Amino acid sequence: MAIPILKLGDYLIASIQSALTDADLTRLQDDLARQVGDLRSRGVIVDVTAAEVMDSFTIRTLLDIAHVGKLRGADTVIVGLKPEVAFAMVQLGLRLDGVATGLDLEEGLAILGHVREPTDGG
Amino acid sequence: MASTAVQTDGHRPPDLTSGERRALEDLWRVYGAHYDEITEETKVALADDPEFGPLIRSIPEAVLEEQSRTSKELLRRALMEGDWQPYFADLLQQGAGYARMGLSFASWFRALSVVRPMITRRLREAFGAEPDRLLSVMDAMGKWFDSTMGVIGDAYLSAKQETILEQQEAIRELSTPVLTLMDGLLLLPVVGVIDSHRARQMTDQLLQAIHQYRAKVVVIDITGVAAVDSMVANHLLQAVEAAGLLGAAAIVTGVSAEVAQTVVKIGVDLSRLRTVGDLRGGLAEAMRLVGFRLGKAESAAD
């Protein structure tokens, strides 16, 4: 099942569902890598609100997406991690080092908006 | 709760030989005949007892009588028919009740030492002519008393255990509040000892609060944490990382000199934590991050 990628202005948005196979994830990674270049996107938001579980492969793919995106000129934000999922991740030692995370899509957009103009107290 | 409480079910009836069983029947024939009399005498004898006196006076006469009747029947079934379970169950319930009323365990032995001679006297009157029979009845009585006190002791232990569990629960709930200071800014003051259970609960509450209040920054103040070992440090790291995954930056404040020394000595790497000396500094930093500025109001400066 292909994961739909939505375009919103300069950003790409993809939403991950829980019942994804490894192949689906790899395909998402490929699609995003291509579209970031095609659409000259500045940011990618991967929304994982619907994911009840995050296994190590998913995490690694997310990290890869972020790194690939960076090389193609787009910042990546992971949004929508549930408290339980976040807790389970740190307990298992799974990290999203170097990738921005946000509470939800709205936060994700705000983070991307601020990446090039950092908050200065207002 | 039940799993950690002292096991109180499964009290086995005392192991009895047929001789002992006969002796217990003898015992009941004498005790049963004088039961009400002995109960009355006991009440009188314990009236001046500092613990039993007020207790006996506080319970209505009718309730005492009812209880005495029930106990008598249960005891008869235990001694005569070997049906101990209902008797033990009743003892457990009574023991737990008295434990909650604050009656000390030692006082049960005082009561026992009052009742025992009363029964002994009547046994001697009944079996004085047959020393062997008297002796075996006395032995059987000892067995009966021993198992009784065992059951009551268990009732006390489990009542205490329940109290401890309730208090632990209360302490846990009290000890991990997550406070919202302003939009997007949470404060988690940690006080006391952190064990894994508490750390887990703390992190859990923190994450829920971040989600609920859409917090951008959390300040974790550990001024009230007396000691930090590698486990506690690890829990702290996990809480901070998990908060980070939800998009909230965490600032740890209040690391005391001793705690800092220990952490360095045991070689835990806390460099991934953003630490600020005291809560005041931490809050200032946190407010800077969420975009607030704290200062005196203009009118107050005038």
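Author: A salt bridge is here a side-chain nitrogen of Lys or Arg within 4 Å of a carboxyl oxygen of Asp or Glu. The structure is a predicted model, and every value below is computed from it.

B:Arg121 belongs to helix H6 (residues 105-127) of chain B and B:Glu41 to helix H2 (residues 35-46) of chain B, so the pair links distant parts of the chain, 80 residues apart. B:Arg121 counts as partly exposed because its relative accessible area is 36%, and B:Glu41 is likewise described as partly exposed because its value is 28%. Helix H2 of chain B also holds B:Lys43, whose partner B:Glu61 lies in helix H4 (residues 61-81) of chain B, 18 residues apart from it. The side chains of B:Glu61 and B:Lys43 meet in a salt bridge at 3.3 Å, N to O. With a relative accessible area of 19%, B:Lys43 falls under the 20% limit and is therefore buried, whereas B:Glu61, with 46%, is partly exposed.

Chain B as a whole gives the setting for these pairs. Chain B has 12 helices and 5 strands, and of its 302 residues 42% count as buried. Among the contacts in chain B with a separation of 6 or more, 77% come from residues 24 or more positions apart. The accessible surface of chain B comes to about 16300 Å², and carbon and sulfur atoms hold 56% of that surface.

Now to the interface. Chain B and chain A bury about 1900 Å² between them, with 55% of that area on carbon and sulfur atoms. B:Arg214, B:Leu245 and B:Leu246 supply 36% of the area that chain B buries against chain A, more than any other three residues. The contact takes 18 residues from chain B and 19 residues from chain A. Across this interface the rule finds 7 residue pairs in polar contact. The elements of chain B that give two or more residues to the side touching chain A are helix H8 (196-213) and helix H9 (230-245), and H8(B) gives the most, with 6 residues. By class, that side of chain B has 5 nonpolar, 7 polar and 6 charged residues.

The charged residues lead to the part you asked about. Side chains of opposite charge can pair when their charged atoms come close. Over all chains the structure holds 31 salt bridges, and across the interface of chain B and chain A the rule finds 5. One of these joins A:Glu107 to B:Lys216, the closest N and O atoms being 2.7 Å apart. B:Arg214 also forms a salt bridge with A:Glu107, and there the closest N and O atoms are 3.4 Å apart. This pair crosses between chains, from B:Arg214 in the loop between H8 and strand S3 (217-224) of chain B to A:Glu107 in helix H4 (residues 105-115) of chain A. At 12% relative accessibility A:Glu107 lies under the 20% limit and so counts as buried, while B:Arg214, at 31%, counts as partly exposed. Salt bridges that share partners join A:Asp104, A:Glu106, A:Glu107, B:Arg214 and B:Lys216 into one network.

For comparison, one may turn to another arginine of chain B and its surroundings. B:Arg274 is placed in strand S5 (residues 274-276) of chain B, and its relative accessible area of 36% is why B:Arg274 is described as partly exposed. A polar contact of 3.3 Å joins the side chains of B:Arg274 and B:Glu285. Leaving aside neighbours within four places in sequence, B:Arg274 is in contact with residues including B:Ala249, B:Ile251 and B:Leu289. The C-alpha atoms of B:Arg274 and B:Ala249, which are 25 residues apart along the chain, are separated by 8.6 Å.

Technical notes. Residues are numbered from 1 along each chain as its sequence is written. Chains are lettered from A and ligands numbered from 1 in the order in which they are written. This is a predicted model: local features need pLDDT of at least 70, side-chain atom pairs count only at pLDDT 80 or more; totals for chains, interfaces and linings use all residues. Side-chain values use heavy atoms; hydrogens and water are left out. Helices (H or I, at least four residues) and strands (E, at least two) are DSSP runs, numbered from the N terminus. Buried means under 20% relative accessible area, exposed over 50%, partly exposed in between (1.4 Å probe, protein chains only). Contact means heavy atoms within 4.5 Å. Accessible areas come from the Shrake-Rupley method with a 1.4 Å probe; for residues, only the protein chains shown count as cover. Buried area is the accessible area (1.4 Å probe) that two parts lose on being put together, summed over both. A polar contact is a pair of N or O atoms within 3.5 Å; within protein, one must be able to donate a hydrogen and the other to accept it, and residues adjacent in sequence count only if both atoms are side-chain atoms. Ala, Val, Leu, Ile, Met, Phe, Trp, Tyr, Cys and Pro count as nonpolar, Asp, Glu, Lys and Arg as charged, and the others, Gly among them, as polar.
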